Every structure is written in C-alpha cells, then in structure tokens.
Amino acid sequence: MTTAPLNRSSLRGSALRRRAIKIRTSTLLGILFLAIMLFPIYWMINASLQPSGNTLSADFFPWNPSFAGYEKAIADQGRNLLTSLIIALGAVVVTLASSRRPPPMRWRNSSSLGSAGPCWPY
C-alpha cells in the first residue's frame, strides 16, 4: 500500500486560513462586546441631550440637542462641582509628590563596631 506524499504548502495554507478566520472571529466578538458595554454610556448621553420630558420617546440620535439640563446642573451644583474638582486635584498632587522613589540603600561595614548595617545616602 502506497500513500501519496503530503503537500506541505497546502497544509500551511489551510492552517493560515484557519488562523485568519479565528482572528477575524475574535475581532468581531470583541467589537460586539465593546458595543454592548459602551451602549449604556451612549444612551445616558443621548437621554441627557433630549428636551425635558422627551427621554422615554427619544430618537436614536438627538437631532435637536438641548443643553438645558447641563446648564441647570451647573447653576444648582456649581460650587459643589468646584469643591470636588479642587479635592481631586489636591489628591493627585499629593499622590504624585509622595510617590517619589527613595534612593537605593547602601550597605557599609563598620569595622570599629564589627557589624554591617544599612545606610541611607542622605
């Protein structure tokens, strides 16, 4: 019984095609998952741009956006937003200032004491 020789180029080509299909499938699934995850954020922004009382019957895209809700929120809560911004920026500054890496610790021998200990290079 004789067997036909394997054509390595066709095996390599089919493996490449399977890999390409796998990559396309995973890319499409990733895009679908991303769209599902981002849709609530889009819908919140869409609903916030609708005129007052029009949230439940909103179009998919706000053709006549209204910024009245944002104006009212800034007018009513502007001081609170400013306080939150100052606290957040202060926390960022403190975190960045305290995250400085200390210099490496060097070891020195103390021949008079007979022991070695850490020494910070300050």
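I began with a definition: buried means under 20% relative accessible area, exposed means over 50%, and partly exposed lies in between, using a 1.4 Å probe and protein chains only.

**Ground rules.** I am reading a predicted model, where local features need pLDDT of at least 70, side-chain atom pairs count only at pLDDT 80 or more, and totals for chains, interfaces and linings use all residues. Residues are numbered from 1 along each chain as its sequence is written, and side-chain values use heavy atoms, with hydrogens and water left out.

**Entry: the chain.** I looked up the elements and found two helices and two strands. I took them as DSSP runs numbered from the N terminus, with helices being H or I of at least four residues and strands being E of at least two. Their order from the N terminus is α-α-β-β. I then checked burial: 6% of the 122 residues are buried. The chain exposes about 11,300 Å², with 67% supplied by carbon and sulfur atoms. That area comes from the Shrake-Rupley method with a 1.4 Å probe. I also looked at contacts, meaning heavy atoms within 4.5 Å. Among those with a separation of 6 or more, residues 24 or more positions apart account for 0%.

**Entry: Ser-66.** Where does Ser-66 sit? I found Ser-66 in the loop between helix 1 (8–48) and helix 2 (68–98). Ser-66 counts as partly exposed because its relative accessibility is 21%. Leaving aside neighbours within four places in sequence, I listed its contacts as Ser-48, Leu-49, Gln-50 and Pro-51. Gln-50 is 16 residues from Ser-66 in sequence, yet their C-alpha atoms are 5.8 Å apart. The Ser-66 side chain also reaches the backbone nitrogen of Ala-68 at 3.4 Å.

**Entry: helix 2.** I counted 31 residues in helix 2. Its span from first C-alpha to last is 41 Å, close to the 45 Å expected at 1.5 Å a residue. The expected span is 1.5 Å times one less than the number of residues. Helix 2 bends by about 75 degrees at Gln-77. I read that bend as the angle between axes fitted to the seven residues ending there and the seven starting there.

**Entry: the salt bridge.** How many salt bridges does the structure hold? I found one. The term means a side-chain nitrogen of Lys or Arg within 4 Å of a carboxyl oxygen of Asp or Glu. Here the side chains of Lys-72 and Asp-76 meet at 3.4 Å, N to O. Lys-72 and Asp-76 are four residues apart in helix 2, so about one helical turn separates them. Lys-72 is exposed, with a relative accessible area of 55%.

How values were computed. A polar contact is a pair of N or O atoms within 3.5 Å; within protein, one must be able to donate a hydrogen and the other to accept it, and residues adjacent in sequence count only if both atoms are side-chain atoms.
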